[in-house]
Amino acid sequence: MNIKEQTFGKTSDDKNIILYTLTNANGLTAKLINYGAILTTLELPGRDGKFTDVTLGYDTLEDYIKDDCYFGATVGRCANRIAKGKFTLNGKEYCLATNNGPNHLHGGIKGFNKVVWDAEVFEEKTGPAIKFTYLSKDNEEGYPGNLTVTVIYWLTNDNELKISYQAETDKSTPVNLTHHSYFNLAGHDSGDVLSHELTINADSFTETDETLVPTGEIKSVKDTPLDFTTTVRIADHINQVEGGFDHNYVLNNKNSSLTLAAHVYEPTTGRDMELYTTEPGVQFYSGNFLDGVKGKNGAVYKKHSGFCLETQHFPDSPNKPQFPSVILEPVKKYTQLTVYKFSVK
Ligand code: GAL
């Protein structure tokens with residue numbers, strides 16, 4: 001089996017955290033831990049055949065426990081912001097933990113990135129995989145209902161990192177899961193990502209207020225620096241956007257089939273990434289808040305050292321009836337599929 005397990009650490013309540021290394025038929029490796037269902041490392045070849053770790057992260061469990069950047073994390077129960085941490089569902093108001101100014105961000109103080117998941121590795125013809133499961137109890141961070149969540153990561157022999165999500169609840173609840181890796185296709189410790197070339201298949205985005213909560217308006221990207229409908233070097237637009245990119249794009253695909261959402265190319269190493277998803281939105285975040293974070297192998301991550309493409313439903317959906325709904329009903333199943341496909345060009 002192309003899966004290795006080694007001890008990564010122990011939580012304060014004595015739970016063992018294991019580092020799982022998945023290797024595919026082409027020698028690509030993905031490392032994951034059962035704390036936060038976090039991807040700690042992704043090693044990909046470049047044009048010169050050299051394998052390099054292309055995701056930002058830490059060396060130790062203690063650093064992941066302290067982390068507030070969400071490096072490599074599985075984010076939930078609701079990714080992104082919920083205004084004032086409040087929403088009303090079936091006539092009842094719910095108050096969530098607020099952890100980002102006045103708002104709720106990425107599941108709250110102890111989101112899915114800060115809990116210990118059950119893990120099970122398996123191998124299929126398509127490559128090695130790991131299945132994480134977690135029971136988020138009724139009222140956790142203020143959310144209603146017991147929610148069972150499953151996240152499966154595959155490292156396929158077609159050089160894809162494929163992430164599939166499922167969730168079921170016993171009470172109506174909002175659910176909006178995402179993956180929060182920061183990529184730098186030149187290498188996690190190679191400086192900023194501004195020379196990466198980006199395309200996003202989105203003609204519009206959700207406008208936000210000064211706390212990054214959507215106003216409810218969906219605006220066209222046309223004639224704005226947010227337009228990535230044709231390929232743009234990130235550097236060529238970033239100075240026209242105050243603070244950098246941190247926007248939810250409304251993807252052009254409207255039928256929740258697995259569709260190309262974005263494409264990123266790093267010209268010096270030739271590494272190329274295609275992003276496919278069943279979700280209606282993707283948050284493009286250009287690592288604006290990275291401020292000298294001490295990472296793996298002595299690396300120091302500064303502003304724009306990595307970028308995230310977080311596939312998800314739109315921020316603050318529980319308070320925006322005009323957005324696609326994130327409410328999961330007890331009789332239904334939440335599903336999501338997102339694929340990061342890598343190659344060298
Ligand atoms: C992103 C979010 C940013 C910031 C970051 C974590 O998903 O869009 O605003 O909160 O996570 O630092």
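Where does the ligand sit? The ligand sits in the largest pocket. A pocket is an open set of points, on a 1 Å grid over the protein atoms alone, with protein on both sides within 12 Å along at least five of seven lines. A molecule sits in a pocket if more than half of its atoms lie within 2 Å of its grid points.

The model is predicted: local features need pLDDT of at least 70, side-chain atom pairs count only at pLDDT 80 or more, and totals for chains, interfaces and linings use all residues. Residues are numbered from 1 along each chain as its sequence is written, and side-chain values use heavy atoms, with hydrogens and water left out.

**View 1. Residues around the ligand.** Among the 14 residues around the ligand, those that come nearest are Arg81, His106, His180, Asp246 and Glu310. A residue is near a molecule if one of its heavy atoms lies within 4 Å of it.

**View 2. Ligand oxygen atoms and side chains.** The side chain of Arg81 has an N or O atom 2.8 Å from an oxygen atom of the ligand. For His106 the corresponding distance is 2.9 Å, and for Gln283 it is 3.3 Å. Such a pair of N or O atoms within 3.5 Å is a polar contact.

**View 3. Salt bridges.** Side chains of opposite charge can pair when their charged atoms come close. A salt bridge is a side-chain nitrogen of Lys or Arg within 4 Å of a carboxyl oxygen of Asp or Glu. The count is eight salt bridges. In one of them, Asp138 pairs with Lys171, with the closest N and O atoms 2.7 Å apart. Lys15 and Asp13 form another, at 3.7 Å.

Key. Polar contact = N/O pair within 3.5 Å; in protein donor to acceptor, adjacent residues only side chain to side chain. 1 Å grid on protein atoms, 1.4 Å probe; cavity = no way out; pocket = protein on both sides within 12 Å on 5 of 7 lines; lining within 4 Å.
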